[in-house]
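Dear colleague,

I am handing over a structure for your attention, and my notes on it follow. Please read them with the structure open beside you.

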Amino acid sequence: MHRRVRTAVLAGMLALSGGWLVGQAQAPRPARAEAAAPIEHLVVIFDENVSFDHYFGTYPDAANPPGEPPFHAAPGTPSVNGLSGALLTRNPNALNTANGTGAVNPFRLDRSQAATADQNHGYTAEQLAFHNGLMDLFPRSVGNSTMPVGPHGRITLDAPAGSPLLTKGVTLGYFDGNTVTALWNYAQHFAMSDNSYGTTFGPSTPGAINLVSGQTNGIVERLNGRGGTIDGGHGSTTLISDVDPLDDVCSSSAKVLVRMGGPNIGDALTKAGVTWGWFQGGFDLGVTNPDGSTGCFRTTLSAVTHVLSNDYVPHHEPFQYYRSTANPKHLRPSSVAAIGHNGDRANHQYDLHDFFAAVQAGNFPAVSFLKPPAYQNGHAGNSDPLDEQAFIVHVLNFLQQRPEWRHTAVIIAYDDSDGWYDHQLGPIVNQSTTPSDALSAVGACGDGSTALPGIDAGNPHAQGRCGYGPRLPLLVISPWARPNFVDHTVTDQSSVIRFIEDRWLHGRRLGHGSFDALAGSLGAMFDFRQQPLAPLVLDGKTGEPQR
């Protein structure tokens, strides 16, 4: 979107008595692009905690300093709604003295600074950072410069005194194509979006639940208190924070544990007889890592962050929150041939190594969700862009050399923004008024009167799902992706659900208040009439094309 258009939109949103004009999206008309697609296999790589500007703010222009992998845009590469002009030199966050950090403008992080602090990405904190659409309170509301302590002591960064790396202004830091090199190269060769959002505000678990159900209202069981949940109205409860799934043997007994009600996309695929699976690093409790760790506490030490983290994170596994799709004891599939199929004891929940084994055996599920081990998931504090890149490149190099590649699409998506700065306000398609809301006023994200319903028919306007939330990266890698293409269609995490529904389920929506009823289509990122694109094999360390 051109900056003049964005300015006009923002002015319109703020024109109502100096407040917030919260619109409700119209349900998109059914598109047949997905249904007609020659896509037989969809792989969703679901990574962690990145805003669009944090990875793509200056795309396709990289600084290209000596010693870092270079990136040079191909002729005709489209620009994105990113960081330029006054956003870089007179950013609203730098001008707002309430931030208390001094004049910190967005600044480039180089490869030596890939290990950064985890920012605050709470449901309320992110709304406060958006500050009624002004997008100018990020350091004050979500900024965090405190680095984690690894086995070798606290991470130290090469930063001079007064550097924003050492203040809450670090939230304005961004990487370019010399660090997130692989993702920029995939964007050059395939398709990306610069207008895709978290379905709601908030951290990992709501993002994961939105990816598979589009509905965070409807907690049906809860242990250890009410933390991370709020009153959704009419006796219902809504999830807004990171809590662990009830009954997962790896869940922490010290945390709030919940079970969700309502349908998810796994239920719909199972009912339709479509093969599918969620594949997550560390899920197989029988594996022993090189450091001797095993079970729920299999660990890996990142050579970049020097942080030792558990491979498996329970609150990143959305299907474990639903009785119908959970595998609470992490039972192993009865055979490689059973992976993805109904009726097996693993109930569609597997380890990552099961995905590679199944595909190599010719048993490639129609729909596969891939979650890296924690050190490779991109989550600041325990992971980083370089470890994340190694995982993504490994998966895509493997898939692109398979005979099934001609009929495969890979979506790279993210669960939340981590609180990293992004300048673009998304459309607020769903309102909410709870004590945890703060977008347009204290306790308010609009007036909540037209909110989507809860999972129970008796809750016509479920609260606690203010969204869309922060803007997130989204890429499509496939022989059928539009090459070197930037899509401006408004989409969100539940657009992945819509793609699956349109391709395999005849366009049937989940209902029960799911955001899939509003979701924009990913169809513009594909061209099924083009000559299939050639594979792009990259180097996992540098992100550059292999020669």
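Please bear in mind throughout that this is a predicted model. A search of the whole structure finds 4 cavities of 30 Å³ or more. The largest cavity holds about 70 Å³ of space. Its lining consists of Ser 196, Tyr 197, Ala 413, Tyr 414, Leu 472, Pro 473, Leu 474, Asp 492, Gln 493, Ser 495, Val 496 and Leu 522. At least two lining residues come from each of strand S7 (196-197), strand S18 (408-414) and helix H12 (494-504).

I turn next to the nonpolar cores. The largest nonpolar core has 117 residues, and those that touch the most other members are Phe 56, Tyr 186, Phe 355, Ile 412 and Trp 504. Helix H11 (residues 385-400) gives the most to this core, namely 7 residues. A second, separate core has 6 residues, including Tyr 197, Val 429, Tyr 468 and Phe 515. Tyr 197 also belongs to the lining of the largest cavity. For Phe 56, the contacts beyond four places in sequence are Val 80, Leu 183, Trp 184, Ala 187, Met 192, Pro 473 and Leu 475. Of these, Pro 473 likewise lines the largest cavity.

Is helix H8 (residues 204-212) enclosed or open? It is largely enclosed by the rest of the structure, because 9 of its 9 residues are buried. Among them are Pro 206, Ile 209, Asn 210 and Leu 211. After H8 comes Gly 214, with a positive phi near 65°. In helix H10 (residues 352-360), the buried residues are Leu 352, Asp 354, Phe 355, Phe 356, Ala 358 and Val 359. They pack against strand S1 (41-47), strand S13 (276-280), strand S16 (349-351), strand S17 (367-371) and H11. Just after H10, Gly 362 has a positive phi of about 80°.

There is also an open sheet of 3 strands, in the order S8-S12-S11 and with mixed pairing. Its edge strands, each pairing on one side only, are strand S8 (219-223) and strand S11 (244-245). S8 pairs with strand S12 (residues 257-260) in the antiparallel sense, over 4 bridges. Arg 222 has Val 258 of S12 as its bridge partner.

Asn 224, in the loop between S8 and S9, has a positive phi near 70° although it is a residue other than glycine. Its relative accessible area is 46%, so Asn 224 is partly exposed. Met 135, in the loop between helix H5 (123-130) and helix H6 (138-142), is not a glycine either, yet has a positive phi of about 55°. Met 135 counts as buried because its relative accessibility is 4%.

His 234 lies in the loop between strand S9 (229-233) and strand S10 (236-239), and counts as exposed at 62% relative accessibility. Which residues does His 234 touch, not counting those up to four places away in sequence? They are Gly 458, Asn 459 and Pro 460. His 234 and Gly 458 are 224 residues apart in sequence, but 7.0 Å apart in space, C-alpha to C-alpha.

Finally, there are cis peptide bonds to report. The bond from Tyr 59 to Pro 60 is cis, with omega near 5°, and Pro 60 is in the loop between helix H2 (52-56) and helix H3 (86-89). The bond from Gly 467 to Tyr 468 is also cis, with omega near 15°; Tyr 468 sits in the loop between S18 and strand S19 (474-477).

Yours sincerely

Notes:
Residues are numbered from 1 along each chain as its sequence is written. This is a predicted model: local features need pLDDT of at least 70, side-chain atom pairs count only at pLDDT 80 or more; totals for chains, interfaces and linings use all residues. Side-chain values use heavy atoms; hydrogens and water are left out. Buried means under 20% relative accessible area, exposed over 50%, partly exposed in between (1.4 Å probe, protein chains only). On a 1 Å grid over the protein atoms alone, a cavity is a set of points where a 1.4 Å probe fits but cannot get out, and a pocket is an open set with protein on both sides within 12 Å along at least five of seven lines; lining residues have an atom within 4 Å of a point. Grid points are joined across faces, edges and corners, and a volume is the space filled by probe spheres set on the points. Two strands pair if DSSP finds at least two bridges between them. A nonpolar core is a set of buried Ala, Val, Leu, Ile, Met, Phe, Trp, Tyr and Cys residues joined through side-chain atoms within 4.5 Å. Contact means heavy atoms within 4.5 Å.
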